[in-house]
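User: I want to learn how to read features off a model. Can you take me through some, one at a time?

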Amino acid sequence: MSKIKPSKGAPYARILGVGGYRPTRVVPNEVILEKIDSSDEWIRSRSGIETRHWASPEETVAAMSVEASGKAIADAGIDAQQIGAVVVSTVSHFAQTPAIATAIADQLGTDKAAAFDISAGCAGFGYGLTLAKGMIVEGSAEYVLVIGVERLSDLTDLEDRATAFLFGDGAGAVVVGPSKEPAIGPTVWGSEGDKSETIKQTVSWDRFAAEGHTKFPAITQEGQAVFRWAVFEMAKVAQQALDAAGITSDDLDVFIPHQANVRIIDSMVKTLKLPEHVTVARDIRTTGNTSAASIPLAMERLLATGEAKSGDTALVIGFGAGLVYAATVVTLP
Ligand SMILES: CC(C)(COP(=O)(O)OP(=O)(O)OC[C@H]1O[C@@H](n2cnc3c(N)ncnc32)[C@H](O)[C@@H]1OP(=O)(O)O)[C@@H](O)C(=O)NCCC(=O)NCCS
């Protein structure tokens, strides 16, 4: 018989607060057109993107994270010292080690919170949320800060017409804490590593250094293959998350899919047969694709504009490089 005491966590977990940070510089399609043969009309109609934000040298991964997290902590009504763990999802923090999460935990004034980074591309927010829920229910942290943050402008080849217009920078954060009732549903998640080449870095860091490449590594993708996968497979995953939560689309108030392409969003809305009353996040128009930051940024904006309200039931789904995905139903903070 085991001598180990069982850990004591909360019965359930919920998102208690959300915050976002968008870099000051707004970049319209006209700036993108300086380097690629395209048009404002093509970019808008094929992706939905009108403007995106690009970070300045001062708007670092850590600085944007601290700004977004400060807002999330205030929104949750807790003190930074109560945070037991900081999970940062990013693919654009450029030091292999240490994780950027420890500096962020320190700058926020947490009391030596556990802190680590994860790499789950555009599914990073859902992956972080799932970890946070587990920690709270298991009892290793009372409050967990989940941050999605990217400076994808650093990893964009502005001469590649297939990707130059897609990406943006920003940070979104949520505080997850204890709840008396279920407020984060079961996560439907997974990976399809056989498709890992469809979204990738043009050249790995070791080859970049060894082979004397002149172009800094960037994110490249097989746009059509990813588009088809997102449209056909991710609607199924979204439906599975609704089923797992024990609700139907009629019970939903809000749909917050990863902001990769407005046509993917519209197609998912159609396949899922979402009723008219469901508010759909289309933050991509002015934010572009900010990978791990896209869902919390879109969530924050819907709440800030009043399009969604506290207590609403929302379906969130992220998908991207890996390929990986994660979907769950949450109660909005
Ligand atoms: C990138 C994306 C917007 C491109 O849209 P698309 O409709 O698939 O475009 P295609 O690549 O099929 O190209 C269609 C045509 O437009 C052209 N084209 C490509 N980029 C262009 C650009 N920037 N401007 C103008 N024309 C362009 C192509 O050359 C092609 O021309 P052709 O028909 O004469 O051959 C779309 O594929 C996409 O959003 N993919 C998924 C993105 C995603 O989810 N990523 C996940 C990362 S998290």
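Analyst: Start with strand pairing. This is a predicted model. Strand β8 and strand β14 (residues 324-331) pair in the antiparallel sense, over 4 bridges.

User: Which residue stands opposite Val188 in β14?

Analyst: Ala327 stands there.

User: Which residues of β8 make up the covered face, and which the uncovered one?

Analyst: β8 spans residues 188-191. Val188 and Gly190 form the covered face. Trp189 and Ser191 form the uncovered one.

User: How many residues does helix α5 have, and what span does it reach?

Analyst: Compare the span with the expected one. α5 covers residues 124-138, 15 residues in total. From first C-alpha to last it reaches 21 Å, close to the 21 Å expected at 1.5 Å a residue.

User: Which residues in α5 are buried?

Analyst: The cut-off for buried is under 20% relative accessible area. In α5, the buried residues include Phe125, Tyr127, Leu129, Met135 and Ile136. Gly124, Gly126 and Gly128 are buried too.

User: What does UniProt place at residues 116-193?

Analyst: An unreviewed UniProt entry gives "domain: Beta-ketoacyl-[acyl-carrier-protein] synthase III N-terminal" for that range. Over residues 116-193 the chain is 19% helix and 35% strand. The end C-alpha atoms are 23 Å apart.

User: Which residues form the nonpolar patch on the surface?

Analyst: Phe94, Trp205 and Phe216. Together they have about 300 Å² of accessible area. Phe216 lies in the loop between α6 (205-210) and β10 (219-221).

User: Why does Phe216 count as partly exposed?

Analyst: Because its relative accessibility is 43%. Partly exposed runs between the under 20% of buried and the over 50% of exposed.

Definitions and conventions. Residues are numbered from 1 along each chain as its sequence is written. This is a predicted model: local features need pLDDT of at least 70, side-chain atom pairs count only at pLDDT 80 or more; totals for chains, interfaces and linings use all residues. Side-chain values use heavy atoms; hydrogens and water are left out. Helices (H or I, at least four residues) and strands (E, at least two) are DSSP runs, numbered from the N terminus. The expected span of a helix is 1.5 Å times one less than its number of residues. Buried means under 20% relative accessible area, exposed over 50%, partly exposed in between (1.4 Å probe, protein chains only). UniProt positions are given in the numbering used here, feature names are shortened, and annotations may be inferred rather than shown by experiment. Two strands pair if DSSP finds at least two bridges between them. Patches are made of residues with over 30% relative accessible area and no salt bridge: like charges are joined within 9 Å, nonpolar side chains (Val, Leu, Ile, Met, Phe, Trp, Tyr) within 5 Å. Accessible areas come from the Shrake-Rupley method with a 1.4 Å probe; for residues, only the protein chains shown count as cover. A salt bridge is a side-chain nitrogen of Lys or Arg within 4 Å of a carboxyl oxygen of Asp or Glu.
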